[in-house]
Amino acid sequence: RSHSRHVRVNTLKTTIEEAEKMLWRLKPTRDAHVPNLLVLPPGTDLHNHPMVKDGRLIQQGKASCLPAAALASIPMEGWEGLG
């Protein structure tokens, strides 16, 4: 079974809205748990996409995004902070 692909939006270079516009044909959705993470269909290959090449998007698995999201100062629904 194929798994969805994830790309993290580099908000220093673009917005999540701009990324959604650029990827509209792939019908991206926002991840429910990690801010600035877009979910794409299984098998999506963005290695040569201009937004990946110039650093506006980073191909990154959701699991590797979770530690930073858990430690972020922005409260997330369903997560408890450390202090």
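A residue is called buried when its relative accessible area is under 20%, exposed when that area is over 50%, and partly exposed in between (1.4 Å probe, protein chains only). At 22% relative accessibility, K62 therefore counts as partly exposed.

The model is predicted: local features need pLDDT of at least 70, side-chain atom pairs count only at pLDDT 80 or more, and totals for chains, interfaces and linings use all residues. Residues are numbered from 1 along each chain as its sequence is written, and side-chain values use heavy atoms, with hydrogens and water left out.

**Fold and sheet**

Three helices and four strands occur in the protein chain, arranged along the sequence as β-α-β-β-α-β-α. Helices (H or I, at least four residues) and strands (E, at least two) are DSSP runs, numbered from the N terminus. The four strands form an open sheet in the order β2-β3-β1-β4, with antiparallel pairing. Because β2 (29-30) and β4 (57-59) each have a single partner strand, they stand at the edges, and one side of each is left without a neighbour in the sheet. Two strands pair if DSSP finds at least two bridges between them; β1 (residues 5-9) and β4 are joined by three bridges. In this pairing, V9 is opposite L57.

**Nonpolar core**

Of the 83 residues in the chain, 33% are buried. A nonpolar core is a set of buried Ala, Val, Leu, Ile, Met, Phe, Trp, Tyr and Cys residues joined through side-chain atoms within 4.5 Å. The largest such core has 11 residues, including V7, V9, L40 and L57. Two or more of its residues come from each of β1, α1 (16-22), β3 (37-40) and α2 (50-53). Leaving aside neighbours within four places in sequence, L40 is in contact (heavy atoms within 4.5 Å) with residues that include V7, L23 and L46.

**Salt bridges**

A salt bridge is a side-chain nitrogen of Lys or Arg within 4 Å of a carboxyl oxygen of Asp or Glu. The structure holds four salt bridges, among them the following.

| Pair | Closest N and O atoms |
|---|---|
| R30 and E17 | 3.4 Å |
| K62 and D31 | 3.0 Å |
| R56 and D54 | 2.8 Å |

Since R30 lies in strand β2 and E17 in helix α1, their pair ties together parts that are 13 residues apart in sequence. K62, in helix α3 (residues 62-71), and D31, in the loop between β2 and β3, are 31 residues apart. D31 is buried at 12% relative accessibility. R56 is buried, with a relative accessible area of 18%, whereas D54 is partly exposed at 34%. Salt bridges that share partners join E17, E20 and R30 into one network.
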